[in-house]
Amino acid sequence: MFAQRLEGVSESATMKVAAEAERLRRAGKDVVDFSVGEPDFPTPEHIKAAAKDALDKNFTRYTAVAGIPELREAICARYKTDYGVTITPAEVLLTFGGKQALFNSALALLNPGDEVITHAPFWPTIPEQVKLVEARPVIVHTNWQDSFAVHADAVLAAITPKTKAIILNSPGNPTGALIDEAAVAAIADAAAKRGIWIVVDLCYEHLIYEDVPHNLPRVLFERNRDRTVLACSASKAYAMTGWRAGWTIAPAALTKVFNTIQGQTTSNITSVTQKALVAALAGPQEPVAAMRDEFRRRRDSIHSWLTANPGIQCVKPKGAFYLFPNITGVLTDSVRTSLAFAEQLLEKEHVVVTPGEAFEAPGYLRISYATSMERLREGADRMLRFVESLQPAKANAS
């Protein structure tokens, strides 16, 4: 009945968990939601003021599909300041968030049967979009004992004559891991020799907590500029998830193709959002730093609380706003999987987490710390109480 391409595509597991949390709230339950993938901070005032000004000036009509020149120039200036790379407005196109940036790339670059290498644990949208265009995701696995590091040799070993693209995500969702510059350089060098595209999801690029080198745009532009796509977003850095603002930075010829795709699908992103994003990119960046500092404080706290139980093993993430603990040490005969753990935690303690099965990582949980310290403490206490309730069963089983 429906298109055959949909047969192997799954619905968003993270959206499904969010819907379950909303159902419980509507039922009057006190839910601690650790599933949310968005900052709990308000959009900064100067960004909202720019949107209000745009409305007052009736800036509410269609714009060019790629976005207004002022905004594309602001993106170029931001990346020049942040990364020291030179970008032209012809290489920039505005999208409805990072998802459309990635999907435009899949539509423009991939043919049925092409292979696309990416790394797991992954944000589910990445492989599912590859499947939607009838290409095949090839997964390189990482592990918590190695801090979820993506190693160049593992990625290069997965290359075949069918490899069309490599998709990297750093900082990573769900792990918060960063990909080392040296690894990206080695991957880029090999990709350049083979004519392979590299697409980088930089959604969390401004939420990095450690002082480590992470200038991926410059590394890639120096080595594989003609086949690099940066997929970016205002959602996390500027607390603008509902504004739906993302962009691609890609060779001008590919950006023209993106323009054609978007011109025949969504057309331009919302006009008022564009004016707000100019203010976000060109205006003061102190709200970004303040939000990052608060996330760091939350990360340190909930990591400390949860790992007080020796059965919960967790690398402290270097970016994004998620913990990704390994909970195999607390599973029992009655709660055998992370999916079962998440379901029973929700039922008994009303804490919402996303099971690792959603990220091709059974035995793990994704815990968002994009909520207040008070709710983090409450949720951690409930989780630990639930884990402790499993201990007698585990002891009896042994």
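Colleague: How do the residues of the lining of the second largest pocket divide by class?

Modeller: They comprise 11 nonpolar, 1 polar and 5 charged residues. Ala, Val, Leu, Ile, Met, Phe, Trp, Tyr, Cys and Pro count as nonpolar, Asp, Glu, Lys and Arg as charged, and the others, Gly among them, as polar. The model is predicted, so local features need pLDDT of at least 70 and side-chain atom pairs count only at pLDDT 80 or more, while totals for chains, interfaces and linings use all residues. Residues are numbered from 1 along each chain as its sequence is written, and side-chain values use heavy atoms, with hydrogens and water left out.

Colleague: How much space lies in the second largest pocket, and which residues are closest to its centre?

Modeller: A pocket is an open set of points on a 1 Å grid over the protein atoms alone, with protein on both sides within 12 Å along at least five of seven lines; lining residues have an atom within 4 Å of a point. The volume here is about 410 Å³, the space filled by probe spheres set on points joined across faces, edges and corners. Of the 17 lining residues, Lys16, Val17, Leu339, Glu343 and Pro355 are the closest to the centre.

Colleague: Which elements give two or more residues to this lining?

Modeller: Helices (H or I, at least four residues) and strands (E, at least two) are DSSP runs, numbered from the N terminus. Helix 1 (13-26), helix 12 (338-349) and strand 10 (351-352) each give two or more residues. Helix 1 supplies the largest share, 5 residues.

Colleague: Which way do the residues of strand 12 point, and are they buried or exposed?

Modeller: Leu365 and Ile367 point one way, Arg366 and Ser368 the other, and all are buried (under 20% relative accessible area; exposed is over 50%, partly exposed in between; 1.4 Å probe, protein chains only).

Colleague: Which residues of the largest nonpolar core touch the most other members?

Modeller: A nonpolar core joins buried Ala, Val, Leu, Ile, Met, Phe, Trp, Tyr and Cys residues through side-chain atoms within 4.5 Å. The largest has 56 residues, and Ile75, Tyr79, Tyr238, Trp247, Ile249 and Leu277 touch the most other members. A second, separate core of 40 residues includes Leu306, Leu323, Ala340 and Leu345.

Colleague: How many cavities of 30 Å³ or more does the search find?

Modeller: A cavity is a set of points where a 1.4 Å probe fits but cannot get out. There are 4 in the whole structure. The largest holds about 100 Å³; its lining, 10 nonpolar, 2 polar and no charged residues, includes Leu102, Gln129 and Val199. Helix 4 gives the most to that lining, with 4 residues.
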